Amino acid sequence: MGFHTFDADQAERLERPGVRYRWVSAEEVIGGIAPAADAAVADLGSGTGFYTDDVAPHVGTVYGVDVQAEMHEFYREKGVPENVELVASDVSDLPFGDGDLDGAFSTMTFHEFGTPESIAELARVLASDARLAIFDWSADGDGDDGPPVDERYDADDAVEMLETAGFAVEDAATRTETFAVVARAP
């Protein structure tokens with residue numbers, strides 16, 4: 001829906017494992033993209049690199065994609081793993097060639113970039129059959145955590161967008177306050 005991005009002045013709030021893993025575990029993200037050891041994957045809306053750091057030991061390269069330079073600055077100060085490259089970009093206009101990525105994931109950022117244009121761009125940059133794992137706040141949630149409910153999608157919205165762009169959805173689930181969708185690129 002693209003209503004807003006997370007306030008970069010609050011970046012330290014994104015570094016709280018007890019809170020972050022309550023909604024999405026590192027194992028879910030890694031399992032969702034099921035990367036090969038030499039894979040090149042993108043973290044869409046990487047922010048401070050919280051989940052990027054979890055994925056980095058399992059792949060060749062992680063591109064931390066974020067539209068906010070301030071988030072990259074925070075991540076640099078924290079320390080960026082050697083196999084992570086920071087990319088300042090909107091998801092609707094990624095600086096990768098056709099089929100360059102072996103996978104991509106989004107943790108609690110789909111509501112910020114989920115548009116047909118962004119999904120089409122992901123279909124372009126992901127290799128055929130590459131996995132895309134999306135975890136986000138659900139419109140079915142009560143809104144006590146995360147962004148306002150009217151700024152969220154539900155799992156069915158995400159599935160419809162992905163299928164319209166040619167993705168094959170392998171799994172979609174509504175969970176407490178969140179949803180998870182794993183799909184394969186066309």
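**Close-up views of a predicted chain and its aromatic cluster**

View 1. Reading from the N terminus, the elements follow the order α-α-β-α-β-α-β-β-α-α-β-α-β-β. That comes to seven helices and seven strands, where helices (H or I, at least four residues) and strands (E, at least two) are DSSP runs numbered from the N terminus. Please keep in mind that this is a predicted model, in which local features need pLDDT of at least 70 and side-chain atom pairs count only at pLDDT 80 or more, while totals for chains, interfaces and linings use all residues. Residues are numbered from 1 along each chain as its sequence is written, and side-chain values use heavy atoms, with hydrogens and water left out.

View 2. The whole structure holds eight aromatic pairs. In one of them, Phe110 and Phe113, the ring centres are 5.5 Å apart and the planes stand at 80°, so this pair is edge-to-face. Here rings of Phe, Tyr and Trp (its six-membered ring) pair if their centres lie within 6.5 Å; planes under 30 degrees apart count as stacked, over 60 as edge-to-face and the rest as tilted. Both residues belong to helix α5 (residues 110–113) and sit three residues apart, about one turn of the helix. Phe110 is buried at a relative accessible area of 0%, and Phe113 is buried at 8%. Buried means under 20% relative accessible area, exposed over 50% and partly exposed in between (1.4 Å probe, protein chains only).

**View 3. From Phe110 across to Phe179.** Phe110 also makes an edge-to-face aromatic pair with Phe179, at 6.4 Å centre to centre and 90° between the planes. Phe110 lies in helix α5 and Phe179 in strand β7 (residues 178–184), so their pair ties together parts that are 69 residues apart in sequence. Phe179 is buried, with a relative accessible area of 0%.

**View 4. The aromatic cluster and the chain around it.** Phe110, Phe113, Tyr153 and Phe179 form one aromatic cluster. Stepping back to the chain, 51% of its 186 residues count as buried. Its C-alpha trace spans about 35 × 35 × 30 Å along the principal axes. Residues 24 or more positions apart account for 65% of the chain's contacts with a separation of 6 or more, a contact being heavy atoms within 4.5 Å.
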